[in-house]
Amino acid sequence: MSWWQDHLRIAAETMRFVSASLGTSFLVWLLVGIALALPSGLLLLQLNLAEMTSAWDGRPGLSVYFEVGAEESSVRAVGQQLEAHPHIERVEITTAAEALANFQAHSGLADALELLDENPLPASLRAVLKAGASMPDLDAAGASVVDAEAVADLVIEKTWMQRVLDASQVVNRLGIILGLLFGVGAVLVTATSVRLAIESRLDELRVLKLVGATAGQMRRPFLYFGAFYGFGGGLVAAMLISLCLVLIENPLANLLGSYGRDLETAGFDPIFLVGLLCVGGLLGVIGALLAAKQRLVRLEVL
Amino acid sequence: MGQIEFHGVTKRFDSGFEALKDITAEFAEGSMTFLTGHSGAGKSTFLKLLLCLDRVTRGQILVNGINVTQLKAKRLAYYRRNVGTVFQDHHLLAHRNIFDNVALPLRVNGMREREVGRRVRAALSRVGLLPKERLLPQFLSTGEQQRVGIARAVVTRPKILLADEPTGNLDPELSKNIMELFRQFNEVGTTVLVASHDRALIESMGAPIVELAQGRIVAGHRGG
Ligand SMILES: Nc1ncnc2c1ncn2[C@@H]1O[C@H](COP(=O)(O)OP(=O)(O)O)[C@@H](O)[C@H]1O
Ligand SMILES: [Mg+2]
């Protein structure tokens, strides 16, 4: 079919043109690649943070520390009071004796402690918020017991994972903003490069117009350019991201290891790669369309 | 009814200058006509409007009864495929060999490569350049380049052939040679319209002449 012949010939010509100006093409790839790598890297980060936070119980809670030697009944009373609170899911009490046992088991100072005739550790409890409850609810729960008998200290904790959750929302927003900015950047880079390609082939375009080429036919080689630049940019972005992953693999493994997690970066899979290439190609074609529309519409033939 | 008809065509440029003033003329199918006049008389503008490379300010241009000034972009492209064009600077593509230059309109038409090869060779042998099909234009003489331009214009076997100063850079003998080529294409039925300021040359051809001066027809076809 001649339509295919035409496409094949134009694709071949595009390849020839690109390989004739390999330096420029490589530069365009690099620019588009960097523009794509940043937002898609953030997307990966966000995917991983979301994964972590969903895997862990990231719900915030509060801890109550009692005075040393507080009556067990006072401790239980506070525990019950909190358990009855509408936003508290459960309460875990650590009695002074349990605290001591834990300490002895983990610190290796069992003998030293035996020298003391009194248990120096306080009782404590930890209350976990119900799913869907907010930080003000937690504050309210804390306020309801802060003045109770034998309560020495109250720590309302935003858990580590709560912070991660917040951070991942920031990363998310940042990713969207950067994605838009750099997406526009990638489009402009390809548009500019395609524009240069158009300028360098104006003679040919004039003749084409003269012999009756349609707007689509005149655009076609440049859409190939755009797709080629964008696709190559996607490839460069994939390489940049995997390079980054190699570089941060060790420190990241250490970080996650200290929280009892194994390193497995979610999201950097074939689907992500194909998506990256497609988005690159698409942005390239959009850039090329912009450039072609802008330049070819006002093409003076003679 | 003429194959090409101008009805009250006026072209005023943005500067306010009127290059064509109320031109009415017609050219019969299979005719050969020379368009002449001094430099600046409006010959090129006339041909440009006929090809719809610029818009008329007033009037109509009918080709085979269709008002081409109203054509939408796509139809306009298809219309141009039926009109062969030759220009003084022949607009050959410097980086393509002779064969590919001549093949361009056929490929735009979406013709199969085998048929393209056949047609290009036929056109090149008509202008006597078949042995040079693999050369780049820069290795051809000016006269040869102009013949390549003509081969490109006729390779699609257009019904209408337009030429704007096709002998501009050529010596008298080569010029005569080129004009004879146009006559040959006319003899097989193509409507030929050649703009040239070279009075002596076109008078020697013995074909009808339309003379323009300051945007008006002053000799030849006049009025409706
Ligand atoms: N784009 C333009 N804007 C203003 N004036 C123009 C333009 N193109 C041509 N002209 C003027 O129109 C007149 C006719 O030009 P042209 O048709 O090229 O004449 P010819 O081909 O007979 O030498 C000339 O005076 C020329 O300067
Ligand atoms: Mg002229």
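This is a predicted model: local features need pLDDT of at least 70, side-chain atom pairs count only at pLDDT 80 or more; totals for chains, interfaces and linings use all residues.
Me: Why is A:E13 called buried?

Reply: A:E13 has a relative accessibility of 15%. Buried means under 20%, so A:E13 counts as buried. The residue belongs to helix α1 of chain A, which covers residues 2–20.

Me: What makes A:R201 and B:R96 contacts of A:E13?

Reply: A contact requires heavy atoms within 4.5 Å. Once neighbours within four places in sequence are set aside, A:E13 is in contact with A:R201 and with B:R96.

Me: Why is A:E83 called partly exposed?

Reply: The relative accessible area of A:E83 is 42%. Buried means under 20% and exposed means over 50%, with partly exposed in between; A:E83 is therefore partly exposed. A:E83 is found in helix α3 of chain A, residues 72–84.

Me: Which residues are in contact with A:E83, and how far in space is A:A127?

Reply: Leaving aside neighbours within four places in sequence, the contacts of A:E83 are A:I88, A:R90 and A:V91. A:A127 stands 44 residues from A:E83 in sequence, and their C-alpha atoms are 7.9 Å apart.

Me: How is chain A built up from helices and strands?

Reply: Chain A contains 10 helices and 4 strands. Read from the N terminus, its elements follow the order α-α-β-α-β-α-α-β-α-β-α-α-α-α. Of its 302 residues, 39% are buried, that is, under 20% relative accessible area. Chain A exposes about 16400 Å², with carbon and sulfur atoms supplying 64% of that area. Among its contacts with a separation of 6 or more, 84% are between residues 24 or more positions apart.

Me: Why are β2 and β5 of chain B called edge strands?

Reply: The open sheet has 4 strands in the order β2-β1-β4-β5 of chain B, with antiparallel pairing. β2 (18–27) and β5 (66–67) each have a single partner strand, so one side of each is left without a neighbour in the sheet.

Me: How do you know that β9 and β10 of chain B pair?

Reply: Strand β9 (residues 209–213) and strand β10 (residues 216–219) of chain B are joined by 3 bridges. At least two are needed, and the strands therefore pair, running antiparallel. B:A213 stands opposite B:R216 in β10(B). The hairpin of β9(B) and β10(B) has 2 residues between the strands, and B:Q214 takes a positive phi near 50°.

Me: What makes a space a cavity, and how many cavities of 30 Å³ or more are counted?

Reply: In a cavity a 1.4 Å probe fits but cannot get out. The count comes to 3 cavities of 30 Å³ or more. The largest cavity has a volume of about 210 Å³. Its lining comprises 17 residues, and A:R9, A:I10, A:E204, A:L208 and A:Q217 are the closest to its centre. Two or more lining residues come from each of α1, α8 (202–210) and α9 of chain A and α3 (98–108) of chain B. α9(A) gives the most, with 5 residues. By class, the lining divides into 8 nonpolar, 1 polar and 8 charged residues.

Me: Which element gives the largest share of the lining of the second largest cavity?

Reply: β6(B) provides the largest share, 3 residues. The second largest cavity has a volume of about 70 Å³. Its lining includes A:V211, B:R80 and B:R152.

Me: What makes a space a pocket, and which residues lie nearest the centre of the largest pocket?

Reply: A pocket is an open set of points, whereas from a cavity the probe cannot get out. The largest pocket holds about 810 Å³ of space. Its lining has 28 residues, with A:K209, A:V297, B:A73, B:L76 and B:R80 nearest its centre. α2(B) supplies the largest share, 4 residues. The lining has 17 nonpolar, 3 polar and 8 charged residues.

Definitions and conventions. Residues are numbered from 1 along each chain as its sequence is written. Chains are lettered from A and ligands numbered from 1 in the order in which they are written. Side-chain values use heavy atoms; hydrogens and water are left out. On a 1 Å grid over the protein atoms alone, a cavity is a set of points where a 1.4 Å probe fits but cannot get out, and a pocket is an open set with protein on both sides within 12 Å along at least five of seven lines; lining residues have an atom within 4 Å of a point. Grid points are joined across faces, edges and corners, and a volume is the space filled by probe spheres set on the points. Ala, Val, Leu, Ile, Met, Phe, Trp, Tyr, Cys and Pro count as nonpolar, Asp, Glu, Lys and Arg as charged, and the others, Gly among them, as polar. Buried means under 20% relative accessible area, exposed over 50%, partly exposed in between (1.4 Å probe, protein chains only). Accessible areas come from the Shrake-Rupley method with a 1.4 Å probe; for residues, only the protein chains shown count as cover.
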